[in-house]
Amino acid sequence: MNRIIWLIGPSGAGKDSLLTALRQQQEQQLLVAHRYITRPCDAGGENHVALSDDEFCQRARRGLFALDWEANGWRYGIGIELDLWLASGFDVVVNGSRAHLAQAQERYGPRLVPIVVQVSPQVLEQRLIARGRENGEQIAQRLARAARYDSATRHCRVLNNDGSLQQSVSRLLALIREPAPLGAKEHHHVC
């Protein structure tokens, strides 16, 4: 059974870098989905498809999203092509949302494998400062949210991303290849 890898983690944990690196790998049966987002394509580091609010609403009304949600003032969608890719024998990595994991689990059940990307508070702070998008107060807020993230991930596979990007990509690929535990049943917990 092909799976959806629901990659989650706090802002600054390195999800975008991991996804960019995964796209360069020679994994024959692994695809990385693009998200459709109502923010400009040059905002942030994510390789996404930028849509206007009207475009997004039109696609949502026509059932062109497998999953969609709102967060941080933006609308996010994963295209219905996700289902075609699964049916064609691919595993698919999605830049997911912890807050909307239950929605994804309801639709995909045991096919959904949540992996949380974690970094130590010191590394996270350094990365947030280096990217230069937030001021000191915003960085402090992101660090506080990240601490809450760590306490709520006991049922997820965990990827520590403190090391080099290549080490983290290798560990992520190993987690993706890891089989489900014997007797695993559908879970409806939120990481």
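Helices (H or I, at least four residues) and strands (E, at least two) are DSSP runs, numbered from the N terminus. The model described here is predicted: local features need pLDDT of at least 70, side-chain atom pairs count only at pLDDT 80 or more, and totals for chains, interfaces and linings use all residues. Residues are numbered from 1 along each chain as its sequence is written, and side-chain values use heavy atoms, with hydrogens and water left out.

**Overview**

The protein contains seven helices and nine strands. Of its 191 residues, 43% are buried, where buried means under 20% relative accessible area, exposed over 50%, and partly exposed in between (1.4 Å probe, protein chains only). A contact is defined by heavy atoms within 4.5 Å. Among the contacts with a separation of 6 or more, 68% are between residues 24 or more positions apart.

**Helix H1 and its packing on H7**

Two packed helices are described by the angle between their axes and the distance between the axes. Helix H1 (residues 15–23) packs against helix H7 (residues 165–177) at an angle of about 75°, and their axes are 10 Å apart. Axes are lines fitted to C-alpha atoms, for helices over the stretch in contact, and angles run from 0 to 180 degrees between N-to-C directions. H1 and H7 are therefore roughly perpendicular to each other; angles under 35 degrees count as roughly parallel, over 145 as roughly antiparallel, 65 to 115 as roughly perpendicular and the rest as oblique. On the H1 side the contact is made by Ser17, Leu18, Ala21 and Leu22, and on the H7 side by Leu165, Ser168, Val169, Leu172 and Leu173. Seven of the residues in this contact are nonpolar, two are polar and none is charged. In this classification Ala, Val, Leu, Ile, Met, Phe, Trp, Tyr, Cys and Pro count as nonpolar, Asp, Glu, Lys and Arg as charged, and the others, Gly among them, as polar.

Lys15, Leu18, Leu19, Ala21 and Leu22 are the buried residues of H1. Seen down the axis of H1, these residues fall within an arc of 165°, so they line one face of the helix. The arc is that of the directions from the helix axis to the C-beta atoms. The elements that cover them include strand E1 (4–8), strand E2 (30–32), strand E7 (91–95), strand E8 (112–118), strand E9 (157–160) and H7.

A nonpolar core is a set of buried Ala, Val, Leu, Ile, Met, Phe, Trp, Tyr and Cys residues joined through side-chain atoms within 4.5 Å. The largest has 20 residues, of which Ile4, Trp6, Leu67, Leu82, Val94, Tyr108 and Leu112 touch the most other members. Two or more residues of this core come from each of E1, strand E5 (65–71), strand E6 (74–79), helix H3 (81–87), E7, helix H4 (101–108) and E8. Apart from it lies another core, of 19 residues, including Leu30, Val113, Val169 and Leu172. Leaving out residues up to four places away in sequence, the contacts of Trp6 include Leu67, Trp69, Val94, His100, Leu101, Ala104 and Leu112.

In H4, the buried residues are Leu101, Ala104, Gln105 and Tyr108. They cover an arc of only 100° around the axis, which puts them on the same side of H4. Their cover includes E1, E5, H3 and E8. H4 is followed by Gly109, which has a positive phi, near 50°.

**Selected residues**

Ala130 lies in helix H5 (residues 121–131) and counts as exposed at 65% relative accessibility. Ile115, in strand E8, has 0% relative accessibility and counts as buried. Its contacts beyond four places in sequence include Ile5, Leu7, Leu159, Leu172 and Ile176.

Glu46 is placed in the loop between strand E3 (35–37) and strand E4 (49–50). At 8% relative accessibility, Glu46 counts as buried. Not counting residues up to four places away in sequence, Glu46 touches Asp16, Arg35, Ile37, Arg39 and Asn95.

Arg111 is found in the loop between H4 and E8 and counts as partly exposed at 26% relative accessibility.

| Pair | Separation in sequence | C-alpha to C-alpha distance |
|---|---|---|
| Ala130 and Gly12 | 118 residues | 9.9 Å |
| Ile115 and Val93 | 22 residues | 9.9 Å |
| Glu46 and Thr20 | 26 residues | 8.6 Å |
| Arg111 and Ile5 | 106 residues | 8.5 Å |
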